[in-house]
Amino acid sequence: MGQLEATADTLSGVPEDGTLGGYLRDLASAPSDRPRPALIVQGGGMRAIYSMAALAVLEDHGLRDAFSMVLGSSAGVLNSAYFLAGQARESISIYTEVLTTRGVIKPWRLWRVIDVDRMIDVTLKRHHPIDHDALAAAPPLHAVLADAETAAPQVVCHPDDGFDVYEIFRATVAIPLLYNRKVPLGEQRYVDGGLADLLPLSVARVLGATEAVLLVTRGPGQRKHDSNRFLRGLTRAFPSGQSAAVRARIVSADPGYNTTMEELELEHEQIARTTWTLWPSQLDQLVDRTTLDRRRLLDSAARAEADTLAFLRQPYR
């Protein structure tokens with residue numbers, strides 16, 4: 001099977017007035033006339049197929065220009081870039097066909113479970129090259145990275161900051177326990193952006209967004225707590241060469257993320273609000289960060305498309 005095809009329902013008509021999809025459609029048709037929400041895309045390794053498929057539905061409906069900016073960390077940055085370049089639909093196959101078959105992920109290869117270099121230099125550059133012209137003409141992409149020494153979040157903007165987009169990809173998916181390399185951009189080195197900020201809503205607000213649409217790959221109620229004894233012990237042995245701050249961040253609770261999730265859950269129940277969150281339906285039962293089962297990945301993508309259609313049809317007030 002090739003790339004996941006758009007369903008008839010996905011392409012049937014324009015979002016109706018009075019719905020979130022209708023609101024986004026109106027913004028996309030006249031993007032400079034009024035403020036637009038930020039789009040925030042969560043990663044999560046292979047779980048990010050969910051946000052890629054959700055982005056494909058937004059792409060199908062021509063909603064790219066409804067957003068003032070797009071933000072993400074880790075795999076959420078990759079997904080966001082392909083969406084901004086108009087390639088989200090075709091790029092679902094990166095997860096379902098390429099990452100599952102070409103040796104990028106090998107759970108038994110403990111020194112490098114995810115071969116990020118192969119993923120970037122072979123899978124993306126050669127087999128799924130991004131449309132740089134389309135990306136440059138799109139709303140800006142803000143990628144969250146983690147400083148390799150302090151683990152503090154750092155934000156780079158493509159194309160304004162002048163970094164090669166593939167090197168931004170390499171930096172933000174450099175997961176310490178699964179890749180173990182620090183990636184240079186300019187004079188600094190970085191690791192996995194998800195380590196610093198899993199869901200950068202606060203970054204969007206600092207950048208001026210007053211509304212946000214969030215595509216989340218973990219369900220309501222999920223929190224990041226202190227890790228168990230086994231993971232703490234593993235982190236003492238691995239990852240090789242990582243700073244004490246990065247090691248501590250891997251095993252520590254994430255109060256910022258937990259607070260953001262609580263806020264989104266509370267606001268999700270309100271009629272008038274400034275955030276709209278797409279929650280996956282039972283995604284954790286389908287895939288995890290290193291899932292290689294193609295059928296489960298396809299099921300996750302199909303679920304994302306159905307969830308996103310329902311999401312766009314909700315009332316907008």
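Predicted model: local features only at pLDDT ≥ 70, side-chain atom pairs only at ≥ 80, totals over all residues.

Biologist: How much space lies in the largest pocket?

Modeller: On a 1 Å grid over the protein atoms alone, a pocket is an open set of points where a 1.4 Å probe fits, with protein on both sides within 12 Å along at least five of seven lines. Its volume is the space filled by probe spheres set on the points. Here, the largest pocket holds about 830 Å³. Residues are numbered from 1 along each chain, and side-chain values use heavy atoms, without hydrogens and water.

Biologist: Is helix H1 mostly covered or uncovered?

Modeller: Buried means under 20% relative accessible area, exposed over 50%, and partly exposed in between (1.4 Å probe, protein chains only). Helices are DSSP runs of H or I with at least four residues, and strands are E runs of at least two. Helix H1 (residues 20–29) is mostly covered, with seven of its 10 residues buried. Tyr23 is among them, at 11% relative accessibility.

Biologist: How many aromatic pairs does the structure hold?

Modeller: Rings of Phe, Tyr and Trp (its six-membered ring) pair if their centres lie within 6.5 Å; planes under 30 degrees apart are stacked, over 60 edge-to-face, and the rest tilted. The structure holds four such pairs. Tyr23 and Tyr316 are stacked, 3.9 Å centre to centre with 10° between the planes. Tyr23 lies in helix H1 and Tyr316 in the segment after H12, so the pair ties together parts 293 residues apart in sequence.

Definitions and conventions: 1 Å grid on protein atoms, 1.4 Å probe; cavity = no way out; pocket = protein on both sides within 12 Å on 5 of 7 lines; lining within 4 Å.
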